[in-house]
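Morning, everyone. Please bring the structure up on your screens, and then we can walk through it together.

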Amino acid sequence: MRVLVVEDEAQLSEQLAGALTRAGYAVDCVADGETAEFMGQTEGYDAVVLDLGLPKMDGLAVLRRWREAGIRVPVLVLTARGSWHEKVQGIDGGADDYMAKPFQMEEVLARLRALIRRSGGQASPELRSGAVALDPRSSSVTLDGVPVKLTGHEFRVLSYLMHHCGRVVSQGELTEHIYSQDSERDSNTVEVFIGRLRRKLGAEFIETVRGLGYRIGEAP
Amino acid sequence: MKWMESLRARVILGVLLGAAGLTGMLHLVMLTQVPRRPMVLHLGHGLEVIVAAGLLVAGLLGLRSGLSPFTRLRARLAAVHTGEARRLDGAYPTEVQPLVNDLNALLDRRDEMVSRAMAKAGDLAHGLKTPLAVLNHEAERAEAAGQVELAAAIRQQVEKMRRQMDYHLAHARAAASGADGGASCSVASSAEGLARTLLRLHAGRGLAIDVEVAPAHSVRCSREDLDEMLGNLLDNACKWAKSRVTLGSAASNSGIWITVEDDGPGLDSALMEQVLQRGVRADQAAPGSGFGLAIVRDLAELHGGSIHLSPGPAGGLRASLVLPAA
């Protein structure tokens with residue numbers, strides 16, 4: 001899962017990125033509205049944390065342009081504008097959730113998890129497929145109830161596939177959602193991660209759909 | 001008649017008419033008072049009395065109407081004072097109009113200064129909230145490093161500061177919108193926007209928010225302030241509700257009654273009083289004791305309204321917000 005953090009205050013941006021990375025997300029940070037709009041339009045994110053008072057372009061304008069361009073990524077607005085009138089404007093402007101600063105990091109993580117889960121049509125907080133269970137709350141994976149140790153990249157590949165259970169996900173799509181902007185990308189390494197996941201979770205767990213990509217779970 | 005718009009013309013005309021009437025009256029008095037030629041009053045004199053009295057009355061009326069713009073001006077100023085009007089409307093005599101224009105310019109400037117001060121207050125609060133968010137996260141780090149007491153102390157102070165800012169910002173906004181008189185807001189439009197928003201914010205809990213508000217019901221306050229009051233009430237109801245929140249409105253002599261009910265566990269009557277206790281400022285209320293409700297009470301009172309809590313029919317809490325009708 002890959003998240004875009006749009007926040008112009010450097011220290012807060014670092015804190016958010018740190019907490020999100022520890023929670024198992026690939027994170028990109030941008031500090032102004034124009035860059036945010038561009039990144040949102042060109043990169044595939046699973047969620048966005050969006051500040052509103054931004055240099056160059058206001059966060060609400062960024063959000064409106066994304067929605068006009070048909071970008072449906074779940075957006076959590078995280079802003080100092082805390083009045084109810086402003087909250088209504090944010091939600092009517094296309095936000096999926098709205099939190100006022102100051103906030104508790106745990107709550108941001110919980111709300112982001114819920115947004116990603118809902119956008120994937122999942123009802124329960126824990127994702128389960130066969131004997132494998134993934135809990136985004138603790139970034140933990142179990143096989144038949146026994147904890148399995150995964151690296152950050154392995155976890156992101158598994159998490160993305162399980163959030164899109166039953167759908168074939170291409171290698172390109174996986175690559176886009178497990179790496180942040182500034183990390184070296186190599187679609188061949190996706191094969192490596194899939195191989196390692198199969199060793200840890202069972203060879204049959206991830207199916208290769210020839211020429212199309214990978215799938216966890218039965219096709220709907 | 002262009003010249004009638006002039007205050008000077010009206011006063012001069014009034015004085016001339018009055019003087020002519022007075023002269024006529026004096027003439028008659030002289031006639032009757034001269035001893036050498038005792039006069040017998042005949043029809044002509046009666047006519048003179050009528051004409052002179054008519055002139056006198058017309059003169060007085062002319063003077064009165066000449067000065068009436070000042071009475072109107074006072075009434076308009078009073079309307080600005082109570083917030084019914086924002087500027088001094090209407091046409092005034094040419095001598096008075098410049099004064100009215102100056103007063104309007106002064107009022108515009110006051111509005112401009114209020115909104116600039118408001119923007120500054122907002123900037124100040126917004127500027128502080130991001131550092132507070134950073135501080136909050138530092139507390140989490142301190143906690144992770146085993147400094148639990150330090151973390152708790154930071155969090156508590158951050159929360160206090162947040163309340164101070166929210167409280168004073170809401171007050172400043174309400175005071176500023178009071179200066180911008182004549183505000184009116186439809187209860188239905190505010191309620192519908194908030195219901196949409198709260199359903200999103202409480203998504204995943206399966207709540208239903210029923211809005212049963214008459215489209216004709218409007219209250220005398222700005223949209224921002226009504227949103228703040230209703231938002232706090234609805235958010236509180238959503239927090240406690242099991243499955244349903246109902247928002248209704250009714251008109252009465254005391255104003256528009258807006259009720260928010262939930263089907264939650266309700267509130268102990270002693271706590272109800274405590275939450276809305278007079279003299280307890282919202283920013284000093286103890287944590288968890290309905291900070292939002294206290295803000296609503298303060299805002300409602302600023303707008304000449306009130307708030308009441310009672311047990312709801314579904315077993316939960318019913319909050320009634322009463323505001324002057326627009």
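Predicted model: local features only at pLDDT ≥ 70, side-chain atom pairs only at ≥ 80, totals over all residues.

One term before we start: helices and strands here are DSSP runs, numbered from the N terminus.

Among the elements of chain A, strand β3 (residues 47-50) has the highest mean pLDDT, 96. Strand β6 (residues 127-129) has the lowest, 83.

Back to A:Lys56. Its phi is near 75°, which is positive, and the residue is not a glycine. A:Asp144 sits in the loop between β8 (140-143) and β9 (146-148) of chain A. This one counts as exposed, because it has 10 other C-beta atoms within 10 Å. For background, most residues other than glycine have a negative phi, and most peptide bonds are trans.

A:Lys101 and A:Pro102 are joined by a cis peptide bond, with omega about -5°. A:Pro102 lies in the loop between β5 and α5 of chain A.

Now zoom out to domains. Chain A is assigned domain 1 (2-119) and domain 2 (127-216). Their centres, taken over C-alpha atoms, are separated by 25 Å. Where they meet, eleven residues of domain 1 contact 15 residues of domain 2. On the domain 1 side, β2 (26-30) and α5 of chain A give two or more residues each. β2(A) gives the most, with three residues. By class, that side of domain 1 has four nonpolar, two polar and five charged residues.

Next, the two chains. How many residues of chain A are in contact with chain B? The count is 25 residues of chain A, against 26 residues of chain B. On the chain A side, α1 (10-22), α4 (84-92), β5 (97-100) and α5 (105-119) each supply at least two residues. α4(A) gives the most, with six. That side of chain A has ten nonpolar, seven polar and eight charged residues.

Over to the helices of chain B. Helix α3 (residues 97-144) has 48 residues and reaches 70 Å from its first C-alpha to its last, close to the 70 Å expected. Its buried residues include B:Val100, B:Ala125, B:Lys129 and B:Leu132. Just after α3(B), B:Gly146 takes a positive phi of about 95°.

Helix α1 (residues 7-33) of chain B has 27 residues and reaches 38 Å, close to the 39 Å expected. Which of its residues are buried? They are B:Arg10, B:Gly14, B:Leu17 and B:Gly21. These buried residues pack against α2 (43-82) of chain B. An α-helix has 3.6 residues a turn, so residues three or four places apart point the same way.

Last stop, the largest nonpolar core. It has 111 residues. Those touching the most other members include A:Val3, A:Val49, B:Leu234 and B:Leu321. Helix α6 (residues 223-240) of chain B gives the most to this core, with seven residues. Take A:Val3 as an example: among the residues it touches are A:Leu20, A:Val27 and A:Val49.

Technical notes:
Residues numbered from 1 in each chain as written. Chains lettered and ligands numbered in written order. Helix = DSSP H or I, 4+ residues; strand = E, 2+ residues; numbered from the N terminus. Expected span 1.5 Å × (residues − 1). Buried ≥ 20, exposed ≤ 12 C-beta atoms within 10 Å, placed from the backbone. Contact = placed C-beta atoms within 7 Å. Nonpolar A, V, L, I, M, F, W, Y, C, P; charged D, E, K, R; others polar. Domains from an automatic or database assignment. pLDDT = per-residue confidence, 0-100. Core = buried A, V, L, I, M, F, W, Y, C linked by C-beta atoms within 7 Å.
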